[in-house]
Amino acid sequence: MNEVRTLLENFWICKDTDKETYYRIKRDIPNFQKFIREQLGWKLIHTENLLKLEKRPAHAEPFMGIEEFTEIRDYCILCVILMYLEDKEEQAPFLLSELISYVETQLKAYMTIDWTSFTQRKSLVRVLQYMEKLQMIRVRDGRSEGFGAEAGQEVLYENTGYSKYFATSFPGDISGYQSWKDFEKTDFEEIEQNKGVAKINRVYRQLAVCPVMYWDGNEDPDGLYLKNQRQWVSRYMKKNLGGNLDIYRNMASLTLEEGDCYGTVHPRDAMLPEAVLLICARIQDELTHGKIKKAEDECIYITPEKFQNLVLGCRKEWKKGWSKEFREMEETKLIETVRTYMENWMMIRWEENQVVILPAVGRLAGFYPKDFMGGTEN
């Protein structure tokens with residue numbers, strides 16, 4: 001169980017930096033390989049130096065992506081640097097000046113590249129530091145962040161060879177793809193002749209990497225499979241990942257015990273999750289008292305203004321229990337911060353003229369003690 005968790009938590013395991021974990025997981029592969037291959041439908045890459053679980057999701061979700069990246073440009077630069085390293089031998093040295101010249105040449109047909117721009121230099125630095133963190137490149141001399149401060153800074157790197165395992169391989173040409181939906185479709189085309197296998201993979205993937213699995217109506221094939229096979233799904237998930245499988249009318253999730261958690265969890269001991277718990281409690285209370293209503297799909301549809309009032313109302317009522325940062329945070333930033341968190345945890349979906357409150361909001365709620373508003377500061 002811990003081995004699969006470790007593979008989920010880490011992008012990959014490199015032998016030269018974590019030999020103990022590498023060998024521990026490699027020895028245990030026979031015990032979980034069937035679950036990875038048959039239930040999740042994922043590929044496990046294991047070489048003499050690296051272990052990587054290709055965690056391809058069932059569906060693209062807002063929280064997915066590289067956390068350190070803030071702009072589309074970051075992803076474009078990453079792709080070009082991967083191309084650059086493809087032609088480099090393992091342990092081959094290269095200079096930053098050579099690399100940025102290559103990046104500029106490859107991207108100039110798609111976007112303006114100007115290394116005198118601080119914003120663009122910082123974009124490159126984010127990518128380089130991310131690649132250093134994953135050990136795709138090593139710094140021999142200099143500092144990547146130096147280029148962010150001043151153009152013209154030189155750095156000497158080494159190609160570790162791990163970059164060739166970074167990208168996921170696809171069965172066909174993806175150059176004509178228009179959106180993420182094309183990737184989702186392709187991912188299951190290989191097993192389209194056996195729709196049952198595709199359905200199994202989608203269900204297990206969603207439960208393994210997402211906070212919640214939703215389905216539409218009683219005839220949704222993934223929802224039907226989960227309900228009919230809940231005993232087996234629960235058994236396989238508990239054996240390989242731990243936790244308990246909770247199934248409701250149109251949602252399911254894997255719930256972990258407080259002392260047996262891994263990855264990023266909600267709620268946790270931080271101000272933002274605490275604030276969201278209070279907001280969830282406010283929404284549940286308004287539903288109970290008929291101020292808002294559920295639709296047939298178990299969702300609640302409100303205006304963006306209503307959502308903003310919920311957030312600001314909670315801060316006004318419980319302000320003295322909030323941290324200084326959140327007490328004084330500008331209203332627009334507070335609403336955006338809460339919105340992003342709730343979207344990432346699949347509690348809400350923000351549409352053009354409305355906010356969809358999803359069923360996960362009804363799962364958890366937070367309350368301060370009854371005497372809290374009486375002046376108690378404990």
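His46 stands opposite Leu51 in strand 3. Helices (H or I, at least four residues) and strands (E, at least two) are DSSP runs, numbered from the N terminus. The model is predicted: local features need pLDDT of at least 70, side-chain atom pairs count only at pLDDT 80 or more, and totals for chains, interfaces and linings use all residues. Residues are numbered from 1 along each chain as its sequence is written, and side-chain values use heavy atoms, with hydrogens and water left out.

**Around strand 3**

Strand 2 covers residues 44–46 and pairs with strand 3 in the antiparallel sense over three bridges. Two strands count as paired if DSSP finds at least two bridges between them. A hairpin links strand 2 to strand 3, passing through three residues. Strand 1 also runs antiparallel to strand 3, and two bridges join them. Here Ile13 has Leu51 as its bridge partner. Buried means under 20% relative accessible area, exposed over 50%, and partly exposed in between (1.4 Å probe, protein chains only).

**The sheet of strands 7, 8 and 9**

Three strands form an open sheet in the order 7-9-8, with antiparallel pairing. Strand 7 (213–214) and strand 8 (244–247) stand at the edges, each with a single partner strand, so one side of each has no neighbour in the sheet. Strand 9 (residues 251–255) pairs with strand 8 in the antiparallel sense over four bridges. Within strand 9, Ser253 stands opposite Asp246. Helix 10 (residues 230–240) packs on this sheet and touches strand 8 and strand 9. Contact means heavy atoms within 4.5 Å. The direction of helix 10 makes about 145° with that of strand 8. Axes are lines fitted to C-alpha atoms, for helices over the stretch in contact, and angles run from 0 to 180 degrees between N-to-C directions.

**Salt bridges**

A search of the whole structure finds 20 salt bridges. Each is a side-chain nitrogen of Lys or Arg within 4 Å of a carboxyl oxygen of Asp or Glu.

| Pair | Closest N and O atoms |
|---|---|
| Glu3 and Arg24 | 3.0 Å |
| Arg138 and Asp16 | 2.5 Å |
| Glu298 and Lys294 | 3.4 Å |

Glu3 forms its salt bridge with Arg24. Glu3 lies in helix 1 (residues 2–9) and Arg24 in helix 2 (residues 19–40), so the pair ties together parts that are 21 residues apart in sequence. Glu3 is buried, at 13% relative accessible area. Arg24 is partly exposed, at 28%.

Arg138 is bridged to Asp16. Arg138 sits in strand 5 (residues 137–141), and Asp16 in the loop between strand 1 (13–14) and helix 2, so this pair ties together parts that are 122 residues apart in sequence. Both residues count as partly exposed: Arg138 at 31% relative accessibility, Asp16 at 45%.

Glu298 forms a salt bridge with Lys294. Glu298 counts as buried, at 18% relative accessibility. Lys294 is partly exposed, with a relative accessible area of 46%. Elsewhere, salt bridges that share partners join Asp16, Arg138, Arg140 and Glu158 into one network.
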